[in-house]
Amino acid sequence: MFFSPYISKPDSVSQIMLKVLLALIPGIALYVWYFGPAILVSITLASLTALGAEALMLKLRNRPVMPFLKDNSALLTAWLLALSIPPLAPWWLVVAGTAFSIAIAKHLYGGLGNNLFNPAMTGYAALIISFPVQMTRWVAPHGLEQGGLVMAELSFAEQLQYIFLAALPQGITLDAITMATPLDTLKTRLHLDESISQILDMPIYGQIAGHGSEMVAWGFLIGGLYLLASRIISWHIPAAYLATLFAIAGIFHLVDPAHYIAPLFHWFSGAAMLGAFFILTDPVSSPTTNMGRLIYAAGAGLITYLIRAFGGFPDGMAFATLLMNICVPLIVLYTQPPVFGKKDGAFGKKDGVFGKKDKLK
Amino acid sequence: MRTLYKFHGGIHPPGNKAQSTQLAIAHAPLPSKLAVPFHQHAGETAKPVVQIGDHVLKGQLIGMPDGFISSAVHAPTSGTISSIDMQHIAHPSGLPNLCATLIPDGREEWIERKPVDYREHSPADLQQLLRMAGVVGLGGAAFPSDIKLRIGKQKIKTLILNGAECEPYITCDDMLMRERAAEIVHGAEMLRYMLDAGEVLIGIEDNKPEAIAAMQQAIADCNNFEVVTIPAIYPGGSAKQLIRTLTGLEVPSGKLPTDIGVQCFNVATAYSVYRALAHGEPLLSRIVTVTGNVRKALNYETLIGTPVDELVALSEALPDTNGYIMGGPMMGMPLHAMNAPGPAVHVPVVKAANCIIAASDRLFPPPPPALPCIRCTRCAEVCPADLQPQDLYWFAQAREFGKAQAFSLFDCIECGACSYVCPSHIPLVQYYRFAKSEIHAREREKQAADSARERHEFHLYRIEREKQEKAEKLAARERAAQAAKSTVEHSDD
């Protein structure tokens, strides 16, 4: 190749993806601290499945395998999906979900850069619809008391045994080690006519939101701030998402504080932080214009809240993402910024196709 | 302190300008032969007015401007015209162009030069002088300067001298401003007179402190002149972006700067205007930066028509040189395929040639294979025309040219900032060039079809008309015959 420009910034897709993976590490570290090392097993399983599925699909599509395997995008999908699945999920759940994400949501749409929907969230949606029971059995945080007793915990070996062989140690039932998420518990208890303050007294709640999980959300927030600082993502999506979630939750909370929980709880629960910085910001499936990003993220914030407060699922991140993914082409079309010298936008006034040339002849 | 305005985007590539600014401008020696193209400017090719075997003097007209947008071409030195034929020149099409080959006699014998005092002539006369002196824009576009001075009834408030020189490696304007600031300013005064402009702003990027100081000194006695230091950002020297930076105005899409009361000339153009009017010297030479993979990077005052390889030889290209770029690393033109063996093709230095860069894999490593676009919009962030390059790329590769046009493809200035930042290493500008040329080709085809149809319709109309005329003539003759008959009959009475 020899045409201008002859110089370029030493930057690559694989470096960008690698930085996003690195930004996930604070959250993952806190995850391990509070919920044990099982999540590392899920991440490893998902990563291997993703690379395998990516290689297979590239081969089937007659595309070069190595350049794409090295772009780290499949790994990122794998990590995001693994972080959305309960850490003690059986191995086949992780494998099936990841394979679905890569093969169906990514490659059937044309591979890297062409997927309309966020692959990790598509995989998550497929799993939660197909395997709702396994998808809602979350492991309790380290040292949690329930009914005055510290909850049973599995050793790492026992966790591995459960993940791969579905075998639990003698005398321990699944209910003894798993629980519903703080968001799920809140919803169920509210249905039982308990008030917010009663529910928040439960030991599974911490300072702001769920005990342990709120700290993981802090980890993702820190990673997200790193992404902002290194200019891998722009502020528009996380800011609009979190602001919308906060505003709507705040309005409901102000009107009826006994039944609608404070907005900060929503920020630090479920996948809100992970979604705001890592999922909604997926460049391929999100809008390309800044105005579009604000609309997209605000829409996702609204849907997340509606699903959490009034929907059938405990969290709304995945469906919010997918529903807003559908709107992206339309949003982009209607939010084109004005072009230099065309104050009224890309479709505004035009002075002949060849501009200057027409003028001079 | 003047308020400066930001334009959207821009990049900060490594400047690489220090290499070629260590020494003063050198004079390139007279080459063994010169090839002077008749088409060195935007517009129509000049018409040759010399014959093979003619002896010409330095500065003698050899190509007459032909058409409204055209410019004159002169013999850069005295000597003999040995041939007038098609030769390779630096042009994106790679097509050969009509050139006069001149064998110098080494005497540098001038024609009679006629300096004029510009204040005693009308702007229209001066424009004609510039046209006949072959003065064109030396910033790279080589647009005939006299056309840019024909502004009709428009009122020009601001004349801008472009000394930004934002592209890496190129330093010819920098060195010219350092060494010949007074002449540039005289040229600017002439341009201001011809445009009847108010203020003169000289925009220079802040990475040229010596040039800024020299120009400031040169304008000390001038009224309403200002040297404005602007931040170094690429493409801050692109005319529309520079106008925006200095005045806050955006030239409307498809319009000219004069439509908003601004006109913009390169500093080197102002210098040649001065030489042409005050000394009667047509544009015979220009400053060319020779840099990149060479032993001594330098600026040369070079005669138009000098073979590029003879010029590069003065700076001694290093052995691993594998190609040459005419212009800068962002928008320059390749002089022959990279990695092809042998020296640079024998193309001549033309009026638009501001810089020759010797390339090597070390300086310009071949980019890794392109990956698909991930819509990261880094390109949109740096686009100085506020375009959405990722969408234009999508439309271009899908051959959806109508959509590309609707998304303002023709507002793209091909600065290359998008390609520079693309993490997928997609040659974006190349896609836009492709789309533009396809659209132009279709437009031409449509025009050809239209005029063919018109010709055909006229042909049918003419046949019809001739038929009618014939019929009318016949009828008239018959009537005449009848009338004659009846007269005869009557006379029989």
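**Close-up views of a two-chain predicted model**

**View 1. The crossing of helices α5(A) and α6(A) is right-handed.** In this predicted model, local features need pLDDT of at least 70, side-chain atom pairs count only at pLDDT 80 or more, and totals for chains, interfaces and linings use all residues. Residues are numbered from 1 along each chain as its sequence is written, with chains lettered from A in the order in which they are written. A crossing is right-handed if the near helix is turned clockwise from the far one by less than a right angle. Leu93(A), Phe100(A) and Ile102(A) of α5(A) are among the contact residues, as are Tyr124(A) and Leu127(A) of α6(A). The contact residues comprise nine nonpolar, five polar and one charged.

**View 2. Chain B meets chain A through 54 of its residues, in contact with 40 of chain A.** Contact requires C-beta atoms, placed from the backbone, within 7 Å. On the chain B side, β15, α11, α12 and α13 each supply at least two residues, and α12(B) gives the largest share, three residues. This side divides into 34 nonpolar, 14 polar and six charged residues.

**View 3. Met215(B) and Ile356(B) touch the most other members of the largest nonpolar core, which has 259 residues.** Such a core joins buried Ala, Val, Leu, Ile, Met, Phe, Trp, Tyr and Cys residues through C-beta atoms within 7 Å, buried meaning 20 or more other C-beta atoms within 10 Å of a residue's own. Beyond four places in sequence, Met215(B) is in contact with residues including Met177(B), Ile202(B) and Val227(B).

Key:
A residue is buried if 20 or more other C-beta atoms lie within 10 Å of its own, exposed if 12 or fewer, and partly exposed in between; C-beta atoms are placed from the backbone. Two residues are in contact if their C-beta atoms, placed from the backbone, lie within 7 Å. Helices (H or I, at least four residues) and strands (E, at least two) are DSSP runs, numbered from the N terminus. Ala, Val, Leu, Ile, Met, Phe, Trp, Tyr, Cys and Pro count as nonpolar, Asp, Glu, Lys and Arg as charged, and the others, Gly among them, as polar.
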